[in-house]
Amino acid sequence: QVLICAVLFSFSDITSSNNIVVSGLPFTSSSATRFSNSIMGRYVNTGGDSICAFIPENTTQVHFYTTNVGADYARVQHTHLNNSSANFFLSISYRAA
């Protein structure tokens with residue numbers, strides 16, 4: 001079991017439509033399960049109801065999604081950061097491979 005706690009800030013890109021991804025987790029995630037936990041963001045405007053952090057199976061990356069009641073998930077992109085002071089407080093645990 002791996003616990004990641006981080007503050008993400010100083011984004012150099014707040015204009016592209018690239019998805020926000022954090023790479024370089026210390027261990028590859030398990031192939032048996034996907035993982036999500038808590039996140040708080042500031043100066044993030046996705047138009048959704050909430051934001052979640054997600055670690056897919058067999059990866060060392062964290063992906064960010066917006067969730068909408070009654071709709072599908074959508075990836076959080078750099079264009080959703082509407083201020084150079086945008087940040088995320090993240091706490092996520094996952095099972096290593």
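This is a predicted model: local features need pLDDT of at least 70, side-chain atom pairs count only at pLDDT 80 or more; totals for chains, interfaces and linings use all residues.
A residue counts as buried under 20% relative accessible area, as exposed over 50%, and as partly exposed in between. N58, at 49% relative accessibility, therefore counts as partly exposed.

**Nonpolar core**

- The largest nonpolar core holds 20 residues, and of these F64 and F88 touch the most other members.
- At least two residues of this core are supplied by each of the strands β1, β3 (35–42), β4, β5 and β7, while the largest share, four residues, comes from β7.
- When neighbours within four places in sequence are left aside, F64 is in contact with L8, I20, V22, I39, C52, A53, A74, R75 and V76.

**Aromatic pairs**

- Four aromatic pairs are found when the whole structure is searched.
- F11 and F88 make an edge-to-face pair, because their ring centres lie 5.9 Å apart and their planes stand at 85°.
- This pair links distant parts of the chain, since F11 sits in the loop between β1 (2–8) and β2 (21–23) and F88 sits in strand β7, 77 residues apart.
- F11 counts as buried because its relative accessibility is 18%, and F88, at 0% relative accessibility, counts as buried as well.
- F54 and Y65 form an aromatic pair that is edge-to-face, with 5.8 Å from centre to centre and 85° between the planes.

**Nonpolar surface patch**

- On the surface, V7, F9, M40 and F89 form a nonpolar patch, and together they have about 420 Å² of accessible area.
- F89, one of the residues of this patch, is placed in strand β7, and its relative accessible area of 40% makes it partly exposed.

**S91 in strand β7**

- S91 is found in strand β7 and is partly exposed, with a relative accessible area of 25%.
- Leaving aside neighbours within four places in sequence, S91 is in contact with L3, I4, C5, N37 and S38.
- S91 and V7 are 84 residues apart along the chain, and their C-alpha atoms are separated by 9.0 Å.

**Loop residues**

- S10 lies in the loop between β1 and β2, where it has a positive phi of about 60° although it is not a glycine.
- With a relative accessible area of 57%, S10 is exposed.
- N58 has its place in the loop between β4 and β5, and it too is not a glycine although it has a positive phi, of about 55°.
- S84 is found in the loop between β6 (74–75) and β7 (87–94), and it is exposed, with a relative accessible area of 55%.
- From C-alpha to C-alpha, S84 and G24 are 23 Å apart in space, and they are 60 residues apart in sequence.

Note on methods. Residues are numbered from 1 along each chain as its sequence is written. Side-chain values use heavy atoms; hydrogens and water are left out. Buried means under 20% relative accessible area, exposed over 50%, partly exposed in between (1.4 Å probe, protein chains only). Patches are made of residues with over 30% relative accessible area and no salt bridge: like charges are joined within 9 Å, nonpolar side chains (Val, Leu, Ile, Met, Phe, Trp, Tyr) within 5 Å. Accessible areas come from the Shrake-Rupley method with a 1.4 Å probe; for residues, only the protein chains shown count as cover. A salt bridge is a side-chain nitrogen of Lys or Arg within 4 Å of a carboxyl oxygen of Asp or Glu. Rings of Phe, Tyr and Trp (its six-membered ring) pair if their centres lie within 6.5 Å; planes under 30 degrees apart count as stacked, over 60 as edge-to-face and the rest as tilted. A nonpolar core is a set of buried Ala, Val, Leu, Ile, Met, Phe, Trp, Tyr and Cys residues joined through side-chain atoms within 4.5 Å. Contact means heavy atoms within 4.5 Å.
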